[in-house]
Amino acid sequence: YKRMFCHKYRDHVLLIRGDDKCKIDLGDPGQPLETGTRNKKCIASSKTEVMALDHNWHADSITPSVWQLVDIPQDFEDSWYPGDVFVGLKDAALQPSTPFRHATELWHLLDEAQGPFDIPPIGVSYSDGGGDRNNTKYAVQASWLAIFIQGDFDRLIVMRTVPGHSIDNNVERVMAVLNLGCQNLALMREQLEETLEAKFKGATSMTDIRTICEGEPQLLAAYLKAEILVYSARPDKEMDAMFDIIQRMTPDEGVVFDRTKMDKKSLSAVTWLWDILQRHTRVFTYHIEFFK
């Protein structure tokens, strides 16, 4: 039904697929860590020294986020796989996947790829049902509401796969290509300045890294600068701008939308936001619709 709907209104629909690839292990400086990808057989010298560590030796990892803007075919029977693919590498400790981070990155891509005046009136998104994309969670609904408002969509349909059926999301084919690039590869982050590197010496988990960087923007920037990005993970100030899209809708300037509390009890207390969610959304088990 999703494809039938998109094909019927293909001139007015933007079809989006999204998903996060499994995390890629990242070693500390001087300690390259194997990616963990299942490797094909390769030729290696008998004198080759094994330098890569196994997956037990790391505190951080990289999360590849993948978005695809699908080219809806003219003929329904033609391939639905072509389209522009965007991959972003995010530090799993300091740039975790959250609903509003996904919304911020998606809007950035749409603004660059489509332009604010070329976005079709109907948006259709399809992704897996992880906690950061589960449409039954109010944080996810609020993040897509920001996209709905910013993109000035007439209708926005957000769908997720049935549990255990992520294979139905065609963007999974991109993951297979990414796995090819991760074969026979070991990764480590760059060495920081000696004084900065010393602060991470005792870090053995992502929680430790977050704690060390908390309240130290220069240390945070230095740590993230040591990674290579395909598209830049959006900074927190851009996530703040996505929150502000919703905040600007409030009729009472004294009411503040608390972005740290995204459960039903907290959101229902914000009358104006709760009213919008009730009047302009329809929530089902595996999809949510926004409409004007």
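User: How many helices and strands does the chain have?
Analyst: The chain has 10 helices and 10 strands. Both are DSSP runs numbered from the N terminus: helices are H or I with at least four residues, strands are E with at least two. This is a predicted model: local features need pLDDT of at least 70, side-chain atom pairs count only at pLDDT 80 or more, and totals for chains, interfaces and linings use all residues. Residues are numbered from 1 along each chain as its sequence is written, and side-chain values use heavy atoms, leaving out hydrogens and water.

User: What share of the residues counts as buried?
Analyst: Of the 292 residues, 46% count as buried. Buried means under 20% relative accessible area, exposed over 50%, partly exposed in between (1.4 Å probe, protein chains only).

User: Let's take H3. Where is it, and how far does it reach?
Analyst: Helix H3 covers residues 138-150. Its 13 residues reach 18 Å from first C-alpha to last, close to the 18 Å expected at 1.5 Å a residue. The expected span is 1.5 Å times one less than the number of residues.

User: Is H3 mostly covered or mostly open?
Analyst: Mostly covered: 10 of its 13 residues are buried. Among them are Trp 144, Leu 145, Ile 147 and Phe 148.

User: What follows H3?
Analyst: Asp 152 does, and its phi is positive, near 50°.

User: Switching to strands. Why is E10 called largely enclosed?
Analyst: Four of the five residues of strand E10 (residues 287-291) are buried, so the rest of the structure largely encloses it.

User: Which strands pair with E10?
Analyst: Strand E7 (residues 155-160) pairs with E10 in the antiparallel sense over five bridges. Strand E9 (residues 281-283) also runs antiparallel to E10, joined by three bridges. Two strands pair if DSSP finds at least two bridges between them.

User: Which residues stand opposite each other there?
Analyst: Arg 155 stands opposite Phe 291 in E10. Arg 282 stands opposite Glu 289 in E10.

User: And what do E9 and E10 form?
Analyst: A hairpin, with three residues between the two strands.

User: New topic: charges over rings. Which residue lies over Tyr 126?
Analyst: Lys 2 lies over the face of Tyr 126, at 3.8 Å from the ring centre. The rule wants NZ of Lys or CZ of Arg within 6 Å of the ring centre and within 35 degrees of the ring normal.

User: What about Tyr 81?
Analyst: Arg 173 lies over the face of Tyr 81, at 3.7 Å from the ring centre.
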